[in-house]
Amino acid sequence: MRGLVFLLLAACGGTIDSGTPAGDDDTPPRDGPAPNADSHTFCVQETNRYRTGGGVAAVTQSSQLENYADMGAQIDFGSSPHNHFSSTGGGGIAFAENECPHWDLSFGGGDEKMLIAACIAAFFSEGKGGGHYDNMMNGQYKTLGCGIFKSGSDYTILQDFGGL
C-alpha cells in the first residue's frame, strides 16, 4: 500500500490506500444506486467485532455521524483523503477518522460488504501504534458513523468516530 499517513484527532490526513486510480435529505447524491443501508450497519458491526474481540466496548451507530461520513466520502472521492474532515474540524461531531479512498470492488471479490470488511481489516492490521488501529480501538470513542461513496466499482469508505 502506498501513501500511509495517520490521523489522530484531525492532526493530519491518514489513509489506507488500495493503489487503484483515483439516506436522507442531508445525504449527498451518489453516482448510481446508493450503497445498501445494511452496508453502513455492517461497517459498524464489523468494527465492533474487532473492538469487542480486543476487550474494547462496542460503539453505537450514529445517524448524525453517518450523514457526516457519507458527505465526507463523497467530497473526498473527488478531492483528497480527509479533506472534508480537516476542512470542517470534524464538523463538531467527529473526533477521529479512518479512510479507504478509491478501493475497487474487486478487493471484496465483487461484494460491497466484503470490501468494507477488507478495509476495516486493513485498519486493524496496523496494530497498536498504527493510527487507524488506534482510532478504531480507542475505548474513549462511543459512537461511529460509516460513510460510503461509490462510482462504478470505485469506493471510498470512511469511519468517523465520536462520543468522547
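A disulfide is here a pair of cysteine sulfur atoms within 2.5 Å. By that criterion, a search of the whole structure, which is a predicted model, finds 2 disulfides.

**Confidence of the model**

The mean pLDDT of the protein chain is 82, and 77% of the residues score at least 70. Residues 1–34 have a pLDDT below 50, and this stretch makes 88 contacts in the model beyond near neighbours in sequence. Among the elements of the chain, strand β1 (residues 60–61) has the highest mean pLDDT, 98, while helix α3 (residues 83–88) has the lowest, 93.

| Pair | S to S distance | Torsion about the S-S bond | Handedness |
|---|---|---|---|
| C43 and C146 | 2.1 Å | about -75° | left-handed |
| C100 and C119 | 2.1 Å | 100° | right-handed |

The disulfide of C43 and C146 is left-handed because the torsion about its S-S bond is about -75°. This pair links distant parts of the chain, with C43 in helix α1 (residues 37–53) and C146 in strand β3 (residues 143–151), 103 residues apart. C43 has a relative accessibility of 0% and therefore counts as buried. C146 is likewise buried, as its relative accessible area is 0%.

The link of C100 and C119, with 100° about the S-S bond, is right-handed. Since C100 lies in strand β2 (residues 96–104) and C119 in helix α4 (residues 112–125), the pair ties together parts that are 19 residues apart in sequence. C100 counts as buried because its relative accessibility is 0%. C119 also counts as buried, at 0% relative accessibility.

How are the bonded cysteines of the protein chain paired when they are numbered in sequence order? The pairing is 1-4, 2-3.

**A salt bridge in helix α1**

Helix α1, which holds C43, also contains E46 and R49. A search of the whole structure finds 1 salt bridge, and E46 forms a salt bridge with R49 in which the closest N and O atoms are 2.8 Å apart. Because the two residues are 3 residues apart in the helix, E46 and R49 are separated by about one helical turn.

**The surroundings of D160**

D160 is placed in strand β4 (residues 154–162). With a relative accessibility of 0%, D160 counts as buried. Which residues does D160 touch, leaving aside those up to four places away in sequence? They are L65, Y68, A69, F85, A94, A96, E97, T143, L144 and G145. The C-alpha atoms of D160 and N98 are separated by 6.8 Å, although the two residues stand 62 residues apart along the chain.

Methods: Residues numbered from 1 in each chain as written. Predicted model: local features only at pLDDT ≥ 70, side-chain atom pairs only at ≥ 80, totals over all residues. Heavy atoms only, no water. pLDDT = per-residue confidence, 0-100. Helix = DSSP H or I, 4+ residues; strand = E, 2+ residues; numbered from the N terminus. Contact = heavy atoms within 4.5 Å. Buried < 20%, exposed > 50% of the residue type's maximum accessible area, 1.4 Å probe, protein only. Salt bridge = Lys/Arg side-chain N within 4 Å of Asp/Glu carboxyl O.
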